[in-house]
Structures are given as C-alpha cells and as structure tokens.
Amino acid sequence: GEGGVMGRDLEVTVRLTNGGAEPRAVALHVEAAAMFYTGVCRPPFHTERREVELRPGQVVSVRLDVGGPSLRLLDQSALMVTVCGRVRETGQPLVQRHGVRLTTPDLTINPLGQAMMGRPMKVEISFTNPLPVPLSNTTLQLEGAGLQEPRTVRVGDVPRLGTISVTETIRPSRPGRRVLAVSLHSRELTQVHGVAEIIVKEE
C-alpha cells in the first residue's frame, strides 16, 4: 500500500458508499500493528471505534488518525492496518486489510573540500532522529570503493527528535567518480542510509 514516514502520525482514509434507498449506520473498528518482514504482526498498538451515518446514495470518506506508530515499531518499518465494519440495519460485514510501508529519513553526507588521491579529506555526516525516543548504541558504517575501507564509527545515544553531526576523515586511493555510502544502526532504528558522489582528482 501507500507509504508513510517513520516518526510521523499516519492517517488512514476509509471510503464508504451507501448504494441503497435507505439510510444506513456503519460501525467501524480500526486496528494497527507493526508487521515483521515475514508478514507476522505484533499485537495492535492502536485501536479505534467510529460510527458513520450515511444517507441513501451518499459517499463518505472517513479519516482515521492511527497515531505515532514509531513508539512501538522499534526496528519494524511496516504496518498492517485492519478495518472491520458492520452495517447496523442489515448486519452486513465489511473487512479490509492494508499494508503500509514506512520510510526512514536519509543521512546527509557533505564532502568538505576537493578530494585528491592519497590525501585525507573530511566529510560531514548529519542525521535527525525522527522518533520521540532516544536512539541508543548508535553507530555509523562508512564504506566506498577507492574512498574508504569499511569502518564503524560509534556515535552513542541520539536524543529524541535530535540532530547529530559527525565529521570523519577519509583518504581516497583511486581517482575518478566515487561513491561514499553511510548507514546508521541503533537498537530503535535501522535501515537509515545515505550516499554521496565524490570526484577524486590526481595530483
């Protein structure tokens, strides 16, 4: 299904149509749960009930706020939203499940100065924590062919909704167009990546 952004509230829209000639009342029940990559869901972290009245021939779009899913997602980046309903007058059931994939924010990589083969250069790496909880045991993994052998940088804890900026030194070993890749890992948030293209010149 359509995606959302980790750390922000998620809004779900349910479209109801009364195709009959009589008014109808629909009782809705919404659940949202974090989902593993296997498709198995955790217990729901959000439930909501809503009743909607529809006139004959009326179409209604109901917006439901699923709340801040990041609080209970930990390292899961997918949700399963289940909407169940029942028409009070007829007992007709309504069931709809919708998978939602959440995107994580990118790392920003800013090369400082001109890259020269064999000479050290600095790169600034910044990231804003989108979660309302601190990130613990945070590390950065840097690597790039001709730029940097795989290296791990320990950052420590990142405050809730806080921004970090880390300056690291790399030593390009090959000339030409190179790509530096950086990924962030923590107990609460993974799958955060950033890349920067760096042109390395020879002496």
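Modeller: We go through a sheet, then a residue, then the core.
The model is predicted.

Colleague: Which strands make up the open sheet, and in what order?

Modeller: In general, strands of a sheet pair through backbone hydrogen bonds, either parallel or antiparallel. Here the open sheet has three strands in the order E8-E10-E13, and their pairing is antiparallel. Strands E8 (108–112) and E13 (163–170) are at the edges, each pairing on one side only. From one strand to the next, the twist averages 20°.

Colleague: How many bridges join E8 to strand E10?

Modeller: Five bridges join E8 to E10 (residues 121–128), and the two run antiparallel. Ile-109 stands opposite Ile-125 in E10.

Colleague: Now a single residue. Is His-46 buried or exposed?

Modeller: Buried means under 20% relative accessible area. His-46 has a relative accessible area of 17%, so it is buried. His-46 lies in strand E4 (residues 46–54). A polar contact of 3.4 Å joins its side chain to that of Glu-48. Not counting residues up to four places away in sequence, His-46 touches Val-30, Glu-31, Ala-32, Asp-65 and Val-66.

Colleague: Which residues have the most contacts inside the largest nonpolar core?

Modeller: That core has 47 residues, and those with the most contacts inside it are Leu-16, Leu-107, Phe-127, Leu-140, Leu-180, Val-182 and Ile-198. Take Leu-16: leaving aside its neighbours within four places in sequence, Leu-16 is in contact with residues including Val-26, Leu-28, Val-52, Leu-54 and Leu-94. Gln-58 is also among the contacts of Leu-16.

Terms used
Residues are numbered from 1 along each chain as its sequence is written. This is a predicted model: local features need pLDDT of at least 70, side-chain atom pairs count only at pLDDT 80 or more; totals for chains, interfaces and linings use all residues. Side-chain values use heavy atoms; hydrogens and water are left out. Two strands pair if DSSP finds at least two bridges between them. Helices (H or I, at least four residues) and strands (E, at least two) are DSSP runs, numbered from the N terminus. Axes are lines fitted to C-alpha atoms, for helices over the stretch in contact, and angles run from 0 to 180 degrees between N-to-C directions. Buried means under 20% relative accessible area, exposed over 50%, partly exposed in between (1.4 Å probe, protein chains only). A polar contact is a pair of N or O atoms within 3.5 Å; within protein, one must be able to donate a hydrogen and the other to accept it, and residues adjacent in sequence count only if both atoms are side-chain atoms. Contact means heavy atoms within 4.5 Å. A nonpolar core is a set of buried Ala, Val, Leu, Ile, Met, Phe, Trp, Tyr and Cys residues joined through side-chain atoms within 4.5 Å.
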